[in-house]
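Please keep the structure open beside them and look up each residue as it is named.

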Amino acid sequence: MSTLTPAIIKPSLEKIILTAWEHCRVILFSAPCGCGKTTTATALLSGHTVCTLNAAAAKFLPENIPVDCDAVLVDDLQYLLEPARREALCNLIRTQTDLRFVLLGRGPVPGWLMPFQFAGILLTVETQALLFDRPTAQRMLESRGITVTPDEMSAIQRDLKGYPIAMDILCRKLNDGVSYSVDILNAVKRELFIYFEEAVYRRFELGITSGVGDNLFAPDQAITRQEMFTLLYNALKALDKLPAGNSGKSISDFSDAGNIASWATDAMTALVKAGTVTGNDGALNPRATTTRAEMAQVLYNLLGK
């Protein structure tokens, strides 16, 4: 394999993965949702006969990998929690030396995969490598028939930071010859939130959110601060990224701690202790309203670090 398919991929990333593919049998894409992991993996695996597995599926590994398969794609690696299932994948990597493996996950390299990294057969591609630089972002716009001024391009790169899914949304917003503006940026952020709701929070069994009822998420509906921080806490817990700091504070230090609902107590307690929630003028204002789009921005900023 000498070239990638015409997906929009940063040239420096293309060079890294094509060079590594000559020496590594395993490539782990480790980045938050929306960074283009699947697009890049699909390009990387073009020309291969691929067996696709989902780590969240009840039956993760088939009894036998198809004989005509020369590559294995594993999605949702962050949900591979049981030791037996992890060992099954490791054993497959160890024994099936004629196969290439592409793993898609949202967390850092898990400890159980590190032996492959130390052995030099696993390459990790992280968030920064997947984000578009300015020329790549401009190439994406041009591929969709969109022309922007140099000043607009500077603003787009400053505001969206090359985040692939945000760029994809932007292309649709600018498709009718509309100029880039604050209103367009806000529209992109709103749709980005809906994308995160569907793609990140779709697994109700993780307990991140159950929506507002009737299978709706209501992205424009105002929610309270305690609801916002509970969603944040549950998302971080599901991703095993709960903050571990200790601010020395507890919710009892705030004048309105008694206004916190029982279902929000664990989340508010943990986030106050970690210093993620600091309150204002000695109050947490748990029942003050905010918007779900603002909550999405908090998640985006935090998980994108």
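1. Helix α6 and helix α8 cross in a right-handed sense, and in this predicted model their axes lie 10 Å apart and pack at an angle of about 35 degrees. On the α6 side the contact is made by Ala137, Met140 and Leu141, while α8 contributes Pro164, Met167, Asp168, Leu170 and Cys171. Sorted by class, the residues of this contact are seven nonpolar, no polar and one charged.

2. Helix α6, which covers residues 134-143, also has helix α7, residues 150-160, as a partner, and the axes of these two come within 10 Å and cross at roughly 115 degrees. That angle makes α6 roughly perpendicular to α7, because angles of 65 to 115 degrees are counted in that way. The crossing of α6 with α7 is right-handed. Here Arg134, Ala137, Gln138 and Leu141 of α6 meet Pro150, Met153, Ser154, Ile156 and Gln157 of α7, and by class the contact holds five nonpolar, three polar and one charged residues.

3. Which residues of the largest nonpolar core touch the most other members? They are Phe29, Val102, Leu141, Ile156, Met167 and Leu170, out of 46 residues in that core. Helix α8, residues 164-173, supplies the largest share of this core, namely six residues. A further core of 26 residues lies apart from it, and includes Leu28, Ala55, Leu77 and Leu80.

4. Once its neighbours within four places in sequence are set aside, Thr40 is in contact with Ile9, Leu13, Ile17, Phe29 and Leu130. Thr127, in turn, has its place in helix α5, residues 127-130, and with a relative accessible area of 18% it is buried as well. Leaving aside neighbours within four places in sequence, the contacts of Thr127 are with Ser30, Ala31, Pro32 and Cys35.

5. Val50 lies in strand β2, residues 50-54, and counts as partly exposed at 33% relative accessibility. The residues that Val50 touches, not counting those up to four places away in sequence, are Leu45, Cys69, Ala71 and Leu73. How far apart are Val50 and Leu73 in sequence and in space? They are separated by 23 residues in sequence, and their C-alpha atoms are 6.7 Å apart.

6. Finally, some totals for the protein chain. The chain has 12 helices and seven strands, and buried residues make up 47% of its 305 residues. Among the contacts between residues at least 6 apart in sequence, 70% join residues at least 24 apart.

Definitions and conventions. Residues are numbered from 1 along each chain as its sequence is written. This is a predicted model: local features need pLDDT of at least 70, side-chain atom pairs count only at pLDDT 80 or more; totals for chains, interfaces and linings use all residues. Side-chain values use heavy atoms; hydrogens and water are left out. Axes are lines fitted to C-alpha atoms, for helices over the stretch in contact, and angles run from 0 to 180 degrees between N-to-C directions. Helices (H or I, at least four residues) and strands (E, at least two) are DSSP runs, numbered from the N terminus. Angles under 35 degrees count as roughly parallel, over 145 as roughly antiparallel, 65 to 115 as roughly perpendicular and the rest as oblique. A crossing is left-handed if the near helix is turned anticlockwise from the far one by less than a right angle, and right-handed if clockwise. Contact means heavy atoms within 4.5 Å. Ala, Val, Leu, Ile, Met, Phe, Trp, Tyr, Cys and Pro count as nonpolar, Asp, Glu, Lys and Arg as charged, and the others, Gly among them, as polar. A nonpolar core is a set of buried Ala, Val, Leu, Ile, Met, Phe, Trp, Tyr and Cys residues joined through side-chain atoms within 4.5 Å. Buried means under 20% relative accessible area, exposed over 50%, partly exposed in between (1.4 Å probe, protein chains only).
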